[in-house]
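User: I would like to go through this structure step by step. Could you help me read it?

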Amino acid sequence: MDIQRVNWPDGANCAVMLTFNLDADQFWMSLGDDCHRRPKTLSLGEYGMKRGLHRVLDVLEAFDVPATFFVPGKVAEHYPDRIQEVAAGGFEIGLHGYAHENFGHLNDGELGDAFSQGVAALKKVTGENPMGFRVPEGEMTREAYDHMAASGILYSSSMFGDDRPYWVKTALEGKSVLEIPAPWEISDFPYFGFNYTPAFPAGQGRIANYSHVLSTFKQEYKAYYYYGLCYVPQFDPQTIGSPGRITILADLLKYIKEQGKVWFCTGREMADFWDKN
């Protein structure tokens, strides 16, 4: 049985929430305690902030579309100018943990610290409390939603339980957090993230064919558009921002705009819309 179609704004047939994870070197630091002594590995994340991010911003400006950037607190501390540049472009800044922690391994006190430190770091750089959250790679406990609500966060884009937004109740009376699902098949990092030591992925798979990845993103969008769903791709400048791969983002946006009426939105705009409908 098909689900009831959503009446997206302005008669759009589909919603698109473009998202970018600014993991920088914090992703690689989270792979092992000795990674702070691995400059070759850390340079993968540094490239994303030094070169990839500017290419991403150029594409978003060229296509005149909004986007949401999820940022670990430590990345905001290490690259404040870059984060301010993103915010100055009118893009939303959401929380992505403090030090790219595996939230499934944290006790309640550690969860509270990750949220409070992450929120404080982003607020210091942008002047605003983040309204959205995406869990770093790894698991997440149910208690994390309680800390989101306590931190003033309205929505998460972390789970896979539907292909349109849904509410998650928290332990705080009368408080729920909107979950905006972001499936792995339309995330660039599983296709392009790679390192020899420490091994990522653990099985040492190889970097995917660019045209095949673009085809997957397009095929998924075609289906999302047909069913009138909420399409939430994930990108990271260190993987999508190379001279060759940035064309995947540009070609995907060109394809989306050619298909018909679509509502491009930020996470905050989606949360506001879903709360009123």
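User: How many of the eight residues of helix α6 (residues 143-150) are buried?
Analyst: Six of the eight residues of α6 are buried, so the helix is largely enclosed by the rest of the structure. Buried means a relative accessible area under 20%, exposed means over 50%, and partly exposed lies in between, using a 1.4 Å probe and protein chains only. Helices (H or I, at least four residues) and strands (E, at least two) are DSSP runs, numbered from the N terminus. Please note that this is a predicted model, in which local features need pLDDT of at least 70, side-chain atom pairs count only at pLDDT 80 or more, and totals for chains, interfaces and linings use all residues. Residues are numbered from 1 along each chain as its sequence is written, and side-chain values use heavy atoms, with hydrogens and water left out.

User: Which residues of α6 are the buried ones?
Analyst: They are Ala144, Tyr145, Asp146, His147, Met148 and Ala149.

User: And what covers them?
Analyst: The cover includes the helix α5 (108-126) and the strands β5 (132-133), β6 (155-156), β7 (166-169) and β8 (176-179). Covering here rests on contact, meaning heavy atoms within 4.5 Å.

User: Which residues other than glycine have a positive phi?
Analyst: Asp10 is one of them, with a phi of about 60 degrees, and Ala24 is another, with a phi near 50 degrees.

User: Where is Ala24, and is it buried or exposed?
Analyst: Ala24 is in the loop between β2 (19-21) and α1 (26-29). Its relative accessibility is 2%, so Ala24 counts as buried.

User: What about Asp10, buried or exposed?
Analyst: Asp10 is exposed, with a relative accessible area of 67%. This residue belongs to the segment before β1 (14-16).

User: Changing topic: how are two packed helices described?
Analyst: They are described by the angle between their axes and the distance between the axes. Axes are lines fitted to C-alpha atoms, for helices over the stretch in contact, and angles run from 0 to 180 degrees between N-to-C directions.

User: At what angle do α8 and helix α10 (residues 246-259) pack?
Analyst: The angle is about 25 degrees, and the axes of α8 and α10 are 10 Å apart. That makes α8 roughly parallel to α10. Angles under 35 degrees count as roughly parallel, over 145 as roughly antiparallel, 65 to 115 as roughly perpendicular and the rest as oblique.

User: Which residues meet there?
Analyst: From α8 there are Tyr210, Leu214, Phe217, Lys218, Tyr221, Lys222 and Tyr225, and from α10 there are Ile248, Asp251, Leu252, Tyr255, Ile256 and Gln259. By class, this contact of α8 with α10 has nine nonpolar, one polar and three charged residues. Ala, Val, Leu, Ile, Met, Phe, Trp, Tyr, Cys and Pro count as nonpolar, Asp, Glu, Lys and Arg as charged, and the others, Gly among them, as polar.

User: How do α2 and α10 pack?
Analyst: Helix α2 (residues 39-63) and α10 pack at about 20 degrees, with axes 10 Å apart. They are therefore roughly parallel to each other. Arg55, Val56, Val59, Leu60 and Phe63 of α2 meet Ile246, Leu249, Ala250, Leu253, Lys254 and Lys257 of α10. This contact of α2 with α10 has eight nonpolar, no polar and three charged residues.

User: Where is Arg245, and is it buried or exposed?
Analyst: Arg245 lies in the loop between α9 (237-240) and α10. At 10% relative accessibility, Arg245 counts as buried. Leaving out residues up to four places away in sequence, Arg245 touches Phe192, Ile207, Tyr210, Gln238, Thr239 and Ile240.
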